[in-house]
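Subject: Structure handover

Hello,

Here is the structure, handed over together with its sequence. My notes on it follow below.

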Amino acid sequence: MPEQYEHLKLPKIVREYPREKYGGGGYEALEERDKNKFYQTQIKTFQGLKQDQNVLKRRYRKYFDLSLIFKIEVNQNVNEDTFRNELNRMGIEVISPSPDKKGFWVVFAEDRALDEFAKKLKDYSEEKKQYKFFNAIETLVDIPPEEKTGKQLQQNPLGKGEFAYLDVEIWMMDKQKLGQFINGDYNFAGLRKFIEDNKGRITDELTTDNFCLLRIYGNKALFDKIAEFKEIALIDRPPKSSAC
């Protein structure tokens with residue numbers, strides 16, 4: 001039996017992420033872009049993301065209908081509402097826009113998104129339709145588990161047999177999807193059950209309109225598995241109080 005530690009409370013002050021509406025007009029044309037090469041590269045990447053996600057879905061099918069969450073690198077200033085709407089039409093939802101307008105936007109893709117994305121991207125590459133918003137997309141990028149390790153955990157990683165309390169931040173999805181991911185439903189057992197089945201437990205949880213944080217007690221093997229899930233944004237050791 002792992003040693004049981006004293007119950008820990010979550011910090012009173014929690015980060016909030018107020019939504020900002022970005023400026024920017026239309027999409028700048030990229031004269032040097034080979035649209036056919038761009039199409040082939042992005043479709044290959046998107047299909048790879050989907051295939052990897054299907055592997056995770058099969059592996060953890062008892063617990064989740066895992067989401068496809070990845071990053072889109074944006075190469076120019078865009079209007080947030082306009083860009084969101086373009087992606088939403090393909091079944092792709094923006095979870096976290098880049099604060100610098102350009103850069104990496106974190107997105108969630110519905111199952112139907114691949115077909116719609118591929119169709120529009122092919123039309124764009126063949127110039128059957130303009131779909132100028134593709135001019136703003138530089139590339140699609142996976143979010144590997146190692147990117148989810150917080151600074152405190154990087155500096156003081158878990159030992160092989162160590163049990164500890166870690167803070168796990170979850171990407172803020174639709175409230176219903178978030179609830180299903182954590183607590184399950186009649187089809188899936190959910191994250192809470194997965195943690196319990198892997199010798200861990202959720203000791204605290206805090207959800208606001210744009211933030212979800214769980215404090216989880218477990219070992220390295222458990223947290224390594226949790227980091228595979230695309231729904232997970234960050235895993236880190238709890239912040240130390242000023243008294244420490």
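Leaving aside its neighbours within four places in sequence, which residues is Gln-76 in contact with? They are Gly-26, Tyr-27, Glu-28, Leu-30, Lys-101, Lys-102, Asn-135 and Ala-136, where contact means heavy atoms within 4.5 Å.

Before the rest, the conventions. The model is predicted, so local features need pLDDT of at least 70 and side-chain atom pairs count only at pLDDT 80 or more, while totals for chains, interfaces and linings use all residues. Residues are numbered from 1 along each chain as its sequence is written, and side-chain values use heavy atoms, with hydrogens and water left out.

Overall

The protein chain has 7 helices and 8 strands; these are DSSP runs numbered from the N terminus, with helices being H or I of at least four residues and strands being E of at least two. Of its 244 residues, 47% count as buried. Buried means under 20% relative accessible area, exposed means over 50%, and partly exposed lies in between, with a 1.4 Å probe and protein chains only. Among contacts between residues at least 6 apart in sequence, 75% join residues at least 24 apart.

Gln-76

Gln-76 sits in the loop between strand E1 (68–74) and helix H2 (80–88). Its relative accessibility is 4%, so Gln-76 counts as buried. A polar atom of the Gln-76 side chain lies 3.3 Å from the backbone oxygen of Asn-135, and Asn-135 is also one of the contact residues listed above.

Helices H1 and H3

Two packed helices are described by the angle between their axes and the distance between the axes. For helix H1 (residues 35–59) and helix H3 (residues 113–125), the angle is about 170 degrees and the axes are 9 Å apart. That makes H1 roughly antiparallel to H3. Axes here are lines fitted to C-alpha atoms, for helices over the stretch in contact, and angles run from 0 to 180 degrees between N-to-C directions. Angles under 35 degrees count as roughly parallel, over 145 as roughly antiparallel, 65 to 115 as roughly perpendicular and the rest as oblique.

On the H1 side, the contact is made by Lys-35, Asn-36, Phe-38, Tyr-39, Gln-42, Ile-43, Phe-46, Gln-47 and Lys-50. H3 contributes Ala-113, Leu-114, Phe-117, Ala-118, Leu-121, Lys-122, Tyr-124 and Ser-125. By class, the residues of this contact are 10 nonpolar, 4 polar and 3 charged. Ala, Val, Leu, Ile, Met, Phe, Trp, Tyr, Cys and Pro count as nonpolar, Asp, Glu, Lys and Arg as charged, and the others, Gly among them, as polar.

Lys-57

Lys-57 is also in helix H1. With 17% relative accessibility, Lys-57 counts as buried. Apart from neighbours within four places in sequence, Lys-57 is in contact with Asp-65, Leu-66 and Asp-111. The side chains of Lys-57 and Asp-65 are joined by a polar contact of 3.1 Å. A polar contact is a pair of N or O atoms within 3.5 Å; within protein, one must be able to donate a hydrogen and the other to accept it, and residues adjacent in sequence count only if both atoms are side-chain atoms. Lys-57 and Ser-67 are 10 residues apart along the chain, and their C-alpha atoms are separated by 8.7 Å.

The four-stranded sheet

An open sheet of 4 strands runs in the order E6-E7-E5-E8, with antiparallel pairing. Two strands pair if DSSP finds at least two bridges between them. Strand E6 (201–208) and strand E8 (232–236) are the edge strands, each pairing on one side only. Neighbouring strands are turned by 20 degrees against each other on average, direction ignored.

Strand E5 (residues 163–170) is joined to strand E7 (residues 211–219) by 7 bridges. Tyr-165 has Tyr-217 in E7 as its bridge partner, and Ala-164 has Gly-218. E5 pairs with E8 over 4 bridges, with Asp-167 opposite Asp-236 in E8.

Both faces of E5 are covered. Phe-163, Tyr-165, Asp-167 and Glu-169 are buried on one side, and Ala-164, Leu-166, Val-168 and Ile-170 on the other.

Positive phi

The loop between H3 and strand E4 (137–141) holds Glu-127, and Tyr-131 lies in the loop between H3 and E4 too. Glu-127 has a positive phi of about 60 degrees although it is not a glycine. Phi of Tyr-131, also a residue other than glycine, is near 40 degrees. Glu-127 is exposed at 59% relative accessible area, whereas Tyr-131 is buried at 19%.

Regards
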